Amino acid sequence: MMFVSKLHIFNTKTRMFISKQMLTKRTVSLISIPFSRIPFCTNASSSSVMEDSKQIVDTLISIFPKRPQNEEQNQQLKDLGLMITANIVENALKGFKNWKIAQEFFYWASKQNNYVHNCYTYNAMAYMLVHARQNDALRNLAIEVVNSRCFMSPGALGFFVRCLGSQGLVNEANFLFDEVKRLNLCTPNVYSYNCLLEAISKSGDVCLIESRLNEMMGFNWVLDKYALTPLLYCYCQAGEFVKAIDVFNRMDDSGWVDSYIFSILVVSFSKRGEVDKAYELIEKMENQKSYGCLTEKTCCVLIHGFVKEGRVDRALQLLDKMHRLGYNADISIYDVLIDELCSIKQFEKALLLFWEMIELGIQPDMKILTKLVSCVPEDDDIIPLLKSWKGDLTNKNRTLLFNSVLKGLIGRSSIDKAYELLRAALADGFQDDNERTKIIGNGKIVVPDTTSFETIISGLCQANKLDLALDLFRDMDHIGCKRSVLLYNNIIDCLSHSDRVSYCYTLLNEMKNSGFQPTEFTHNSIFGYLCRHEDVEGAMNMLRAMRTQGHKPWIKYYTLLVRKLCKHRRAIEACNFISAMAHEGFLPDIVAHTIALDGLFMIGEPEKALKLFRDLCSSGYCPDVVAYNVIIKGLCKEKRLLESHDLLNEMLNKGLVPSVVTYNLLIDGWCKYGDIDKATKCLSKMFEEKREPNVISYSTLIDGFCDSGRPVEALNLWVEMKEKGCLPNRIAYMALINGLCKCRKLDEAILYLGEMEMKDMIPDPFIYVAIIDTSLSHSDPVLALNVLKKMVQTKTFPDPNDKNHGILKYSVMVLYKDPRTSSDVKNLIDKGGLPTHFCASAEGNATDIVHQVI
DNA sequence: TTAGGGTTAG
């Protein structure tokens with residue numbers, strides 16, 4: 001046995017200055033070589049040594065895992081321990097199938113006399129740990145290699161660093177790199193650095209990459225493509241596309257862009273939703289004749305990515321390009337494209353792709369076929385699709401096709417046909433001569449399954465044919481077809497919407513007894529019914545049942561209940577419901593609370609509202625702008641303007657930004673309070689705070705000015721509003737016209753009514769009433785009559801409960817009595833243009849009616 | 001199979 005030196009001696013002065021040319025020509029492609037093929041060791045010895053070593057390696061691999069079972073083997077292992085070299089250990093390590101055994105061997109070897117590990121044995125061990133994903137052990141090994149003070153070649157360092165990087169142990173890679181440098185165990189070269197950069201890029205840490213690159217440039221090294229690729233990758237990961245494109249262009253100028261580098265950028269564009277940018281890049285490379293850059297694999301990745309971003313247009317263009325490049329698109333590409341085209345209802349394109357597949361010899365699978373059958377809009381397309389199936393027509397496939405035909409019929413609103421088809425299949429398994437059923441049946445019987453029932457029952461429920469659905473549901477038992485949770489849910493939901501709630505409870509019990517666990521949907525279907533019907537007690541009982549199952553009540557339902565209660569002036573009950581929910585562990589959110597606050601103000605309980613609001617704040621809730629708005633609105637209504645402003649300040653202190661609504665409420669508050677100047681100040685404040693006033697702000701203030709008898713200012717504001725680009729709407733016009741009437745500015749009111757009608761805006765009846773009333777007080781019955789005729793023409797009259805109803809009645813009577821208008825009013829009455837209740841009073845006693853009105 | 005709901009002007 002030859003004695004082989006156990007220590008490799010390295011040249012520690014390997015640091016050198018490498019020119020760009022040297023790098024580009026000599027650097028081996030780091031990226032394109034699979035990790036596993038990078039050699040650990042280039043040590044070559046004489047052939048006889050290799051022979052001997054090989055024998056030792058083989059023996060170790062064979063006996064070590066078994067562990068010496070007898071004295072003889074034990075002795076053999078001891079003897080081998082005397083003979084091992086780093087080379088032998090390295091090769092033995094590579095031979096073990098189990099990482100644990102390899103690790104035991106590694107530590108056994110290190111205890112043998114005269115044996116010391118070298119960098120290659122460490123690397124072999126690291127490699128085993130990488131493949132076994134033993135990150136803790138790998139981390140420890142990195143520390144051990146430093147502690148062992150073993151020298152490392154720059155290449156070996158690079159290898160270990162890549163091992164760490166591949167497992168995402170970026171900090172460890174940096175630690176190892178810096179420690180071996182500090183302890184003079186290795187002088188890293190460009191390759192070692194590039195490995196480190198690649199490892200860092202796994203973490204996407206742009207700063208770290210940049211600082212390492214600066215380090216490299218400090219040695220006057222020229223950065224090559226393997227240094228820039230990790231940088232490009234990191235910029236892409238960080239979404240720093242400007243920088244990424246810059247790096248890419250630099251690489252492109254040097255002719256370094258290969259398919260991998262190209263795919264980093266282009267796939268990253270796609271992932272960030274920059275589909276057009278990705279496509280432009282593809283075209284740019286194509287124009288540069290860099291054909292090799294766009295590989296088949298990249299195309300596939302991009303098509304999937306484009307579709308995911310909802311850009312099926314670009315995906316189809318790329319598919320076209322693939323064809324031109326002679327690449328094959330696999331079935332998954334067609335699957336994803338057809339699926340997407342169907343979901344955006346571009347069925348013709350989907351069908352074209354389908355037939356293209358067949359032409360290219362790619363056999364569509366059942367998933368693609370059933371998708372198309374179930375959603376193409378034309379009946380005529382179905383038969384050719386069904387006939388195209390060349391695969392096995394097993395019972396299962398037959399049922400799948402049958403179900404897709406049912407789905408298709410329902411999608412085309414032919415629920416009756418679909419229902420009959422299922423009934424026919426249940427009756428005789430298709431003995432009729434319908435062409436479609438013959439194809440599916442192919443002379444054999446189609447056996448409907450649970451999905452068939454789910455499809456039809458869901459269709460029947462949607463079409464409001466609940467009883468038919470229930471019959472079918474009951475029939476499932478007779479043919480021995482298993483029900484499903486989906487079916488129960490669908491029917492329960494449909495029953496709840498048809499107000500047949502007692503049957504819902506029956507089915508709920510039935511499903512539990514049949515071993516189906518109700519889902520959140522099941523419970524919420526019934527909970528929804530109870531909320532719609534303001535059944536607080538029932539809703540609470542359901543909540544308790546839900547709590548035991550860990551189900552959550554849907555927000556939309558419990559807010560609906562709160563809203564309905566408040567609308568019916570049952571705000572106190574709404575508050576009690578909210579508390580009871582909280583007591584059950586379902587704390588309603590700020591929206592439900594806001595509705596309740598509004599409800600309390602509505603029933604004239606401002607103190608209760610304020611208490612609830614303060615309780616919310618102190619219990620850690622953070623009321624938002626809308627909640628504050630509701631309180632401000634309530635306080636304004638109560639004429640507590642100063643408190644409203646206190647709340648505005650409170651909002652600001654909390655960092656909440658008051659909305660346009662907030663200011664509008666305060667403007668309205670001050671207007672109604674009679675302090676129009678304060679209201680104007682609020683408008684100014686909006687400009688200061690860069691909260692652009694809207695048409696509501698202006699209308700409110702215009703109304704306020706008119707109420708204060710200041711029509712000129714109202715009209716000025718009207719002009720200002722239009723100058724600011726804020727267009728008046730129907731309500732704004734009505735506010736102005738009504739306001740002008742209140743100020744007795746009849747001519748202006750008529751002017752704006754004309755303007756409004758020119759814009760095809762139809763005013764509410766009260767506007768006509770206001771003008772009629774004002775005209776009469778201006779002693780202009782003819783004008784009033786004309787407006788009354790307009791009302792008759794447009795058939796808009798105030799509701800009998802509306803106060804304007806009485807005013808109009810009185811006006812009609814006045815016009816009836818006035819000789820200037822009397823005959824016209826009679827005429828209107830005779831022709832039936834005026835509702836009878838106006839006619840009856842026209843001849844009545846004026847005083848009586850005045851009493852009625854007032 | 002299921003969703004986000006609440007506040008402003010005549």
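Guide: A helix here is a DSSP run of H or I with at least four residues, and helices are numbered from the N terminus. Please keep in mind that this is a predicted model. By that rule, Glu210 lies in helix H11, residues 206–218.

Visitor: Is Glu210 buried, exposed or partly exposed, and what makes it so?

Guide: The relative accessible area of Glu210 is 28%. Buried means under 20% and exposed means over 50%, so Glu210, at 28%, counts as partly exposed.

Visitor: What makes Asp499 partly exposed?

Guide: Asp499 has a relative accessibility of 45%. Since that value falls between the 20% and 50% cut-offs, Asp499 is called partly exposed. Asp499 sits in the loop between H27 and helix H28 (501–513). Its phi is near 60°, a positive value in a residue other than glycine.

Visitor: Why is Ser779 called exposed?

Guide: Its relative accessibility is 54%, and exposed means over 50%, so Ser779 passes the cut-off. Ser779 is in the loop between helix H43 (765–777) and helix H44 (781–794). Although Ser779 is not a glycine, it has a positive phi of about 55°.

Visitor: How do you know that H29 is largely enclosed by the rest of the structure?

Guide: Ten of the 13 residues of H29 are buried, so the helix is largely enclosed by the rest of the structure. Among the buried residues are His523, Ile526, Phe527, Tyr529 and Leu530.

Visitor: What is the expected reach of helix H29 from its first C-alpha to its last, and what does the helix reach?

Guide: The expected span is 1.5 Å times one less than the number of residues. For the 13 residues of H29 (520–532) the expected value is 18 Å, and the helix reaches 18 Å, which is close to that expectation.

Visitor: Which residues come nearest to DNA strand B?

Guide: Of the 35 residues around DNA strand B, the nearest are Ile555, Lys556, Asn629, Asn664 and Asp764.

Visitor: What makes the pair of Lys556 and a phosphate oxygen of DNA strand B a polar contact?

Guide: A polar side-chain atom of Lys556 lies 2.7 Å from that phosphate oxygen. The cut-off is 3.5 Å between N or O atoms, so the pair qualifies. A side-chain N or O atom of Lys633 is 3.0 Å from a phosphate oxygen of DNA strand B. For Thr594, a side-chain N or O atom is 2.9 Å from a base nitrogen.

Visitor: How many cavities of 30 Å³ or more does the count give?

Guide: The count gives one cavity of 30 Å³ or more. The largest cavity holds about 60 Å³ of space. Its lining includes Phe262, Met285, Glu286 and Ser290.

Visitor: How do the residues of that lining divide into nonpolar, polar and charged?

Guide: The lining of the largest cavity has six nonpolar residues, one polar and one charged. Glu counts as charged, so Glu286 is the charged one. Helix H15 (residues 275–287) gives the largest share of this lining, three residues.

Methods. Residues are numbered from 1 along each chain as its sequence is written. Chains are lettered from A and ligands numbered from 1 in the order in which they are written. This is a predicted model: local features need pLDDT of at least 70, side-chain atom pairs count only at pLDDT 80 or more; totals for chains, interfaces and linings use all residues. Side-chain values use heavy atoms; hydrogens and water are left out. A residue is near a molecule or strand if one of its heavy atoms lies within 4 Å of it. A polar contact is a pair of N or O atoms within 3.5 Å; within protein, one must be able to donate a hydrogen and the other to accept it, and residues adjacent in sequence count only if both atoms are side-chain atoms. On a 1 Å grid over the protein atoms alone, a cavity is a set of points where a 1.4 Å probe fits but cannot get out, and a pocket is an open set with protein on both sides within 12 Å along at least five of seven lines; lining residues have an atom within 4 Å of a point. Grid points are joined across faces, edges and corners, and a volume is the space filled by probe spheres set on the points. Helices (H or I, at least four residues) and strands (E, at least two) are DSSP runs, numbered from the N terminus. Buried means under 20% relative accessible area, exposed over 50%, partly exposed in between (1.4 Å probe, protein chains only).
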